[in-house]
Amino acid sequence: MLRAGPPRKRRAANSLFCYWNHNFRGLKNVADFEIPALKEYPVIPLIQVGSMAHSKPFVAKPDHQDAVGFPHELVDNWEEKAVKKLGELVQGSRALQVFLDACVKCGACTDKCHYYLGTSDPKNMPVARQDLLRQVYRRYYTFAGKYFPWLVGARDMDKEVLDDWYSYFHQCSQCRRCSVFCPYGIDTAEISMAAREVMDSVGLGQKYCNEILGKVYTIGNNLGLPEPALRNTLEGLEEEVKEDTGVDVRFPLDEKGADVLLVTPSADFFAEPHVDGLIGYGKVFHQAGISWTMSSYASEAGNFSMFIGSGANLKKTTRRIREAALDLGVKRLVVGECGHAWRVAYSFWNTLIGPFDFLDPKYPAPQHICEVTHDLIQRGALTLDKEANDHRIITFHDSCNVARASRMGNMPGGQFVIPREIIKSVANHFHDMAPDTIHESTYCCGGGGGLLTDDLIELRIKGALPRVEALKQVVDEHGVNFMAAICAICKSQFTKVIPYYDFPMEMIGSLHQLVSSAIQLKTKE
Amino acid sequence: MTLEVAGKSFETDEEGYLANRDDWNKDVAEAMAKLDDCELSDNHWEVINFLREYYDEYQIAPAVRVLTKAIGKKLGADKGNSKYLYELFPYGPAKQACKYAGLPKPTGCV
């Protein structure tokens, strides 16, 4: 193995002063850990044992746990209960059992995880992460582990194991890159979800995910954006687009009888650069003459229940979307730019909230906004001026849940082709990143799977390393100045972390932001 | 966690956001800013006051475009953009300004 160069020393005081002359690039000065150096070509780092053992997200408070139906704090006899829960999960999922039984320690996965590549901690090698759970499974549920634990790496469930679980199962973004390279297809994401479900069930939850799920139940979205605020925000967007284009593009809310219900991540309402994508969806619907609406009741596409492996919560959150669709009487369900939402929608909705016999059978149910836009472009329904994006030299980041857990269109790999075809239809300058970092080999942004929280910022920055190295290559070779994404988490994560690597946050944007720039609204009025 | 201001202590969460919004006063905001080596100018206060007014009406901090538009109206069009807000609040306007305004931290994919 090649050795990585010594990390650049960038320790500095963990404080800022206002009006500090920063050009969106100076953030590295505020980190109190070392920012990895960007290398010219990928290097597999030598291991640094325990280098990320300190990384743990904030623990959920009792009221966060209440919302998702888990105990307030670590319960009595939690060891026994955790083992029992693990047994139930293995019993209930043939896949999980195969993943735990099948590993032959071939090592193919060891250098495939962005968190290992960014942190050098050997417990971030996928096989080692799996083994944290596998050692307990073996001890209690296999013959060899019950009688000869020392022979098979089996171990009792104890506090030390639990601490390791809490730390390292929150250093997995469930991106499934490792599973692409595993000869058995072992999916570490499933193991990580199971571990989080076991921890939740004995009263050890993660604050970020569980607090957010509570907001979905009480308010309708991850942000906690109530209906009046949502309406106010959307009205503001209508004014903004009118000022920019002179055209009355609508952003309708709770309009019964619309054809399309758009379900999108609430970050699209709230944050930059996400909101420019939402404006793009609105312009597409407007020019195509499609009547559409959003719902204040189901104002969230994201579904953090998947991240915590909770089937019960997954069903409960998803049901809101079916209820809204029926209540509003829509004929189509369209999902906005959100990676894990599209996985849940594409792979699980039919089982969770189907059948969709009340929708128009002429359209896929659900349909991704990229499929909608791509289809309209194919049919010549949109007037697009590519030159409007001539100031941008664009690359595309495949989001993990779209790339490896779903599809778009009607052909294998459609999830890779369709977004790129859209970009090439709305812009003249597009360059892909290196082949082993895109499509099904795409690197996670470093913030997926319920890790997009400030208490994990060190992990997020380090985990972004492989993606940022690939980005740097196209920046150096082609002058790329815009990386489009179709996931709210990716957009927020990159906006936050790439300044630590000396890239400006403005170079991250929505795919539909590019569509928004190119679309010529007045031509089809 | 607690924040000590003028002999009184205020409960905060792990990241220093006030646990009880009613505890907020200007001294609390100044004290929080001081912990970040930040001195609050009139323009900071325009943002903080707008956040508090908006929260009172809508029970949530304003979306970024709502905020930039409002600040543009108050401080001039050249300041109605997120670049300016990041100059004021380098940790990110949504989070840092919410903290000083005594509001909860925005959650979700932001």
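Select Pro273(A), which lies in the loop between H12 and H13 of chain A; helices here are DSSP runs (H or I, at least four residues) and strands likewise (E, at least two), numbered from the N terminus. The peptide bond from Glu272(A) to Pro273(A) is cis, with omega near 0°. This is a predicted model, in which local features need pLDDT of at least 70, side-chain atom pairs count only at pLDDT 80 or more, and totals for chains, interfaces and linings use all residues. Residues are numbered from 1 along each chain as its sequence is written, and chains are lettered from A and ligands numbered from 1 in the order in which they are written.

Next, go to Pro355(A), in the loop between helix H15 (339-353) and strand S4 (367-368) of chain A. Its peptide bond from Gly354(A) is also cis, with omega near 0°.

Now the residues with positive phi. Ser120(A) is not a glycine, yet its phi is about 65°. Ser120(A) sits in the loop between H4 and helix H5 (126-141) of chain A. Ser120(A) counts as buried because it has 20 C-beta neighbours inside 10 Å; the cut-offs are 20 or more other C-beta atoms within 10 Å of its own for buried, 12 or fewer for exposed, and partly exposed in between, with C-beta atoms placed from the backbone. Move on to Gln174(A), in the loop between helix H7 (159-168) and H8 of chain A. Gln174(A) has a positive phi near 55° and is not a glycine either. With 26 C-beta neighbours inside 10 Å, Gln174(A) is buried.

Select strand S6 (residues 482-485) of chain A. Phe482(A) and Ala484(A) on one side, and Met483(A) and Ala485(A) on the other, are all buried, so that both faces are covered. S6(A) runs parallel to strand S5 (residues 394-396) of chain A, joined by 3 bridges; two strands pair if DSSP finds at least two bridges between them. In this pair Phe396(A) stands opposite Ala484(A). S6(A) also pairs with strand S7 (residues 508-510) of chain A, in the parallel sense and over 3 bridges. There, Met483(A) has Ile508(A) as its bridge partner.

Colour chain A by domain: domain 1 (39-205) and domain 2 (213-524), with bounds that come from an automatic or database domain assignment. Their centres, taken over C-alpha atoms, are 30 Å apart. In domain 1 of chain A, 29 residues are in contact with 31 residues of domain 2 of chain A; contact means C-beta atoms, placed from the backbone, within 7 Å. Helices H1 (62-68), H4 (114-119), H8 (177-181) and H9 (188-201) of chain A each supply at least two residues of the domain 1 side.

Then turn to chain B. Its contact with chain A takes 25 residues from chain B and 38 residues from chain A. Helix H3 (64-75) and helix H4 (82-88) of chain B are the elements that give two or more residues to the chain B side.

Finish on H3(B). Its 12 residues reach 16 Å from first C-alpha to last, close to the 16 Å expected at 1.5 Å a residue, where the expected span is 1.5 Å times one less than the number of residues. The buried residues of H3(B) are Val64(B), Arg65(B), Val66(B), Leu67(B), Thr68(B) and Ile71(B). Their cover includes helices H11 (227-245), H12 (267-270) and H13 (274-288) of chain A, together with H2 (42-58), H4 and H5 (93-100) of chain B. Just after H3(B), Gly76(B) takes a positive phi of about 110°.

How values were computed: Contact = placed C-beta atoms within 7 Å.
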